[in-house]
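Dear colleague,

I am passing on the structure below, together with some notes on what turned up when I went through it. Please read the notes with the coordinates open beside them.

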Amino acid sequence: MNIGILLKEGPYNHQASDTAYNFAEAAIARGHRIDAVFLYNDGVTNVSRLSDPPQDDRHVANRWSELAEKHGFKVLACIAASKRRGINDDILTKGSEITGLGTLTDIAIRNDRLVTFGD
Amino acid sequence: MTEENANIRKIMHVMRRAPHGTIYTYEGLEMILIMAAYEQDLSVAFIGDGVYALKKDQQTEGIGIKGFSRTFMALDGYDVEKLYVDEASLAERGLSEEDLLVDVEIMDSGAIGRLMNEQDVVIHH
């Protein structure tokens with residue numbers, strides 16, 4: 001199955017990013033394909049490489065970046081939501097891009113499922 | 001499904017929150033307006049505190065936020081005409097159809113649930 005993910009919450013403050021990550025890993029392990037992860041609302045902060053959590057904690061931004069690179073999908077941050085929150089091209093993790101909501105619409109149209117994580 | 005509309009997806013947006021206090025309703029509305037340009041089968045359901053998003057006469061000056069409730073009135077111009085409001089949510093908040101900014105279809109929760117079940121994509125805000 002081809003799956004798009006919509007992630008609406010930032011890392012650390014909310015479980016949604018961890019759950020989405022675990023879901024993506026599990027789906028790939030079961031033979032499904034992750035088409036893209038689209039970030040909206042505070043979710044756009046999942047791709048800031050300025051993120052610097054304590055060493056004994058998970059690094060959410062790097063973890064997304066590594067999963068995306070390994071499995072050939074992009075983590076896409078909505079441009080309007082990004083601009084509001086100070087996310088721009090200069091601070092993006094590898095494997096992520098800033099794009100528009102039209103891309104989310106395409107993701108919703110072309111996949112078997114769009115799975116949303118967040119409040 | 002005919003060949004002509006084989007690529008048209010049924011996409012429902014679900015408004016569940018009061019319009020102010022969090023950004024979810026505002027950014028949700030932005031998402032709907034962009035998706036409206038893609039000629040999909042769009043609908044919007046208002047449930048729970050989401051029904052407040054359509055309340056007439058909202059005054060946002062006091063909280064220093066630009067009001068956006070009137071933007072819901074523009075949805076019609078974008079051919080987003082399927083607006084569904086949960087009857088119980090409205091009644092619980094002491095509101096009636098006359099309190100709302102736009103024409104909507106008021107439905108019971110079961111009917112809204114059945115509509116959700118028919119969608120290809122459901123996005124909550």
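**The interface between the chains**

About 1,800 Å² of area is buried between chain A and chain B, and carbon and sulfur atoms give 56% of that area. Please keep in mind throughout that this is a predicted model. The contact draws on 21 residues from chain A and 21 residues from chain B. Across the interface of the two chains there are 13 residue pairs in polar contact, where both residues have pLDDT 80 or more. On the side of chain A that touches chain B, helix H3 (79-84), helix H4 (101-110) and strand E5 (113-117) of chain A each contribute at least two residues, and H4(A) provides the largest share, with 7 residues. Sorted by class, that side of chain A consists of 9 nonpolar, 6 polar and 6 charged residues. The number of salt bridges between chain A and chain B is 3; one of the pairs joined by a salt bridge is A:Arg85 with B:Glu27, whose side chains meet at 3.0 Å, taken from N to O.

**Nonpolar cores**

The largest nonpolar core has 65 residues, and the members that touch the most others in it are A:Ile34, A:Val37, A:Phe38, A:Trp64, B:Phe46 and B:Phe72. Helix H1 of chain A (residues 16-29) supplies the largest share of this core, 6 residues. Not counting residues up to four places away in sequence, A:Ile34 touches A:Ile3, A:Ile5, A:Ala24, A:Ala27, A:Ile28 and A:Phe73. Another core, of 8 residues, lies apart from the largest one and has B:Met12, B:Val14, B:Ala45 and B:Tyr84 among its members.

**Individual residues**

A:Asn111 sits in the loop between H4 and E5 of chain A. Is A:Asn111 buried or exposed? Its relative accessible area is 1%, and because the limit for burial is under 20%, A:Asn111 counts as buried. The side chain of A:Asn111 reaches the backbone oxygen of A:Ile107 at 2.8 Å. With neighbours within four places in sequence left aside, A:Asn111 is in contact with A:Asn2, A:Ile3, A:Gly4, A:Arg33, A:Asp35 and B:Arg9.

B:Ser89, which belongs to helix H3 of chain B (residues 87-92), is also buried, at 5% relative accessibility.

B:Asn7 is placed in the segment before strand E1 (10-15) of chain B, and at 62% relative accessibility B:Asn7 counts as exposed. Beyond its neighbours within four places in sequence, B:Asn7 is in contact with A:Ile109 and B:Gln40. The C-alpha atoms of B:Asn7 and B:Lys66, which are 59 residues apart along the chain, are separated by 37 Å.

**Two backbone angles to look at**

A:Asn41 is not a glycine, yet it has a positive phi of about 50°; A:Asn41 lies in the loop between strand E2 (33-39) and helix H2 (60-71) of chain A and is buried, with a relative accessible area of 2%. B:Asp57 likewise has a positive phi, of about 55°, although it is not a glycine, and B:Asp57 is found in the loop between strand E2 (41-46) and helix H2 (71-74) of chain B. With a relative accessible area of 66%, B:Asp57 is exposed.

With best regards

Notes. Residues numbered from 1 in each chain as written. Chains lettered and ligands numbered in written order. Predicted model: local features only at pLDDT ≥ 70, side-chain atom pairs only at ≥ 80, totals over all residues. Heavy atoms only, no water. Contact = heavy atoms within 4.5 Å. Buried area = accessible area lost by both parts, 1.4 Å probe. Salt bridge = Lys/Arg side-chain N within 4 Å of Asp/Glu carboxyl O. Polar contact = N/O pair within 3.5 Å; in protein donor to acceptor, adjacent residues only side chain to side chain. Helix = DSSP H or I, 4+ residues; strand = E, 2+ residues; numbered from the N terminus. Nonpolar A, V, L, I, M, F, W, Y, C, P; charged D, E, K, R; others polar. Buried < 20%, exposed > 50% of the residue type's maximum accessible area, 1.4 Å probe, protein only. Core = buried A, V, L, I, M, F, W, Y, C linked by side-chain atoms within 4.5 Å.
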